[in-house]
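Let's take a walk through a protein model together, one part at a time. Keep the structure open beside you as you read, and try to find each part as it comes up.

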Amino acid sequence: MIEVALFGAGRIGKIHAANLAAQPGVRFKYVVDVNTGAAAALAAVHGGSAASVDEVLADPAVKAVVIASSTDTHADLIIRAAAAGKAIFCEKPVDLTIEKARACAAAVEQAGVPCMIGFQRRYDPTFAAVKERILAGEIGTPEMLIVTSRDPGAPPVSYIQVSGGIFKDMLIHDFDIFRWILDDEAVSVHATGSCLTDPAIGAAGDLDCTAVTIRSAKGRLCQINTTRRAAYGYDQRFEVLGSAGMLQAGNHKPTEVSLHNGASVSVDKPEHFFLERYRVAYANEMAHFFDAVSKGTPLRTTVQDGLKALELAEAATLSWREQRVVTL
C-alpha cells in the first residue's frame, strides 16, 4: 500500500484527489492547504485527514506526494519532498523562474527520487494516438506542427497577476506538446501578442492572444496560436504535417450526434473547458505516476521536461517584450 499526501485543496487538487482515491494499492492519507477547512473537507471525502507540510514530510509512511498547490509553493515543496525521499508528482509549472526550476531538477537528481510534472496532454488518448502513429511512420518524417489552443474565457485578473503571464501559465502546455510530438528542441522562438478580450488583462501587464513560431534543431517549424476567448468552447487541436502525409488531432465534443435538416447541419460544440476535455488524461497521468512509483516504470513527463518547457516560455516572454527573435 502506497500512502500519499496531497498539497492543495483547490480546483485541480480536487481532480487529483478523486483520481488518487481511485488508484488500486494507494491510500489517500493527508491533505495540506493554507485553507485548513478546505483541506479537512477534501480529506474527509476520501478517508484522509488534514495535516501540515512538516507532518507530511516527517511521516516515513508517506511514500509519495502530489503537489497541486499554488505555483509559488511548487519549488520549495519539490526540494523538501525530494530531500525527504518522497516520490513527487507536481502540477505545471515547476516554478516561474528558471533558477528555481533548475534547483528543483538538481535536488531531484541528487535525491534519486521520481519527479513527474503534470503535462496531462501527453496522457490524452487522442494526442497519444497521434504520437504513436508518428512513431509508426504513418506520415514519414514530421516537418511542421500547428497548434491551436483557445480557452473559452480568461481567469480572474487576480490570478493573472500572479500567474507569470500567458506564456508560462497557458502556453507552457503547448511548448511541451512541441517537444514531445516532434521529439526535438527549439533553437529560436518568435512570439507576439495582443490584448483583445479584456483591457484589465493588459493593465495587469499580460496578453490574452498570442502567436508563436518556433524553429527546431532539425529545422522543423511549429506555430502556436492562442486566445483567452473562444465563444464556442474549449478549442484544443493540432496537426502534424510530414513528408508522407498529415495527422490531425481534433476537439472532443459531449456527443457525436449531428442534426441534419433543411436549414443546416449541426453538431455539439467542443467540451466546455479543460476539466471536461482532459478528464481521462488526468486519470491516466495519475495511474502512470503510481505505476512508476510501484514498478519503476520510466516517467513520461519528468522535471527536466518541466524545465525545458519553462525555458521556452521564458524565451517567448522575452521575444514578445523585446519584439525580436530569441535564440536558445
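## Leu145 and its strand

Find Leu145 in this predicted model: Leu145 stands opposite Cys222 in β10. The strand β7 (142–150) and its partner β10 run parallel and are joined by seven bridges. Another pair to look for is Val147, whose bridge partner in β10 is Ile224.

Now turn to β11 (235–242).

## The seven-stranded sheet

Where do these strands belong? They are part of an open sheet of seven strands, and the order is β12-β11-β7-β10-β9-β8-β15. The pairing in this sheet is mixed. At the edges you will find β12 (245–249) and β15 (326–327), each of which pairs on one side only.

Next, follow β9 (residues 209–216) and β10 (residues 221–227), which run antiparallel and are joined by seven bridges. Within this pair, Thr213 has Gln223 as its bridge partner in β10, while Cys209 is partnered by Thr227. The two strands make a hairpin with four residues between them, and Gly219 there takes a positive phi near 85°.

## Helices across the sheet

Helix α9 (residues 172–182) lies across β7, β8 (186–194), β9, β10 and β11. Its direction is at about 155° to β7. Helix α13 (residues 303–322) lies across β8 and β15, running at about 55° to β8.

## Nonpolar cores

Which residues have the most contacts inside the largest nonpolar core? They are Leu145, Phe167, Phe175, Ile181 and Phe238, in a core of 63 residues. Helix α9 provides the largest share of this core, with six residues. Apart from this core lies another, of 32 residues, among them Val65, Leu77, Ile78 and Val303.

Let's return to Leu145 for its surroundings. Setting aside neighbours within four places in sequence, its contacts include Ile177, Phe178, Ile181 and Leu182. Leu145 is also in contact with Leu221, Cys222, Gln223, Phe238, Glu239 and Val240.

## The six-stranded sheet

There is also an open sheet of six strands, in the order β3-β2-β1-β4-β5-β6, and its pairing is parallel. The edge strands are β3 (49–50) and β6 (115–118), each pairing on one side only. Two bridges join β2 (residues 26–32) to β3, and Tyr30 has Ser49 as its bridge partner in β3.

Helix α4 packs on this sheet, touching β1 (2–7), β4 (62–67), β5 (87–91) and β6. The direction of α4 makes about 170° with that of β5.

## A pocket and a cavity

Empty space is part of the picture too. Rolling a probe the size of a water molecule over the atoms shows where empty space is left. The largest pocket has a volume of about 910 Å³. Of the 33 residues that line this pocket, Arg11, Lys92, Tyr159, Asp169 and Phe274 lie nearest its centre. The helices α1 (11–21), α4 (71–83) and α11 (274–277) each supply at least two residues of the lining.

How many cavities of 30 Å³ or more are there? The count comes to one, and the largest cavity holds about 40 Å³ of space. Its lining is made by Arg121, Phe127, Val147, Thr148, Asp174, Ile177, Gln236, Arg237 and Phe238. Each of β7, α9 and β11 supplies at least two of the lining residues, and β11 gives the most, with three.

## Pro270 in its loop

Our last stop is Pro270, in the loop between β14 (265–267) and α11. Is Pro270 buried or exposed? Its relative accessible area is 15%, under the 20% cut-off, so Pro270 counts as buried.

What does Pro270 touch, beyond residues up to four places away in sequence? The residues are Tyr232, Gly233, Tyr234, Asn251, His252, Lys253 and Pro254. Take Tyr234: Pro270 and Tyr234 are 36 residues apart in sequence, and their C-alpha atoms are 6.0 Å apart in space.

Technical notes: Residues are numbered from 1 along each chain as its sequence is written. This is a predicted model: local features need pLDDT of at least 70, side-chain atom pairs count only at pLDDT 80 or more; totals for chains, interfaces and linings use all residues. Side-chain values use heavy atoms; hydrogens and water are left out. Two strands pair if DSSP finds at least two bridges between them. Contact means heavy atoms within 4.5 Å. Axes are lines fitted to C-alpha atoms, for helices over the stretch in contact, and angles run from 0 to 180 degrees between N-to-C directions. A nonpolar core is a set of buried Ala, Val, Leu, Ile, Met, Phe, Trp, Tyr and Cys residues joined through side-chain atoms within 4.5 Å. Buried means under 20% relative accessible area, exposed over 50%, partly exposed in between (1.4 Å probe, protein chains only). On a 1 Å grid over the protein atoms alone, a cavity is a set of points where a 1.4 Å probe fits but cannot get out, and a pocket is an open set with protein on both sides within 12 Å along at least five of seven lines; lining residues have an atom within 4 Å of a point. Grid points are joined across faces, edges and corners, and a volume is the space filled by probe spheres set on the points.
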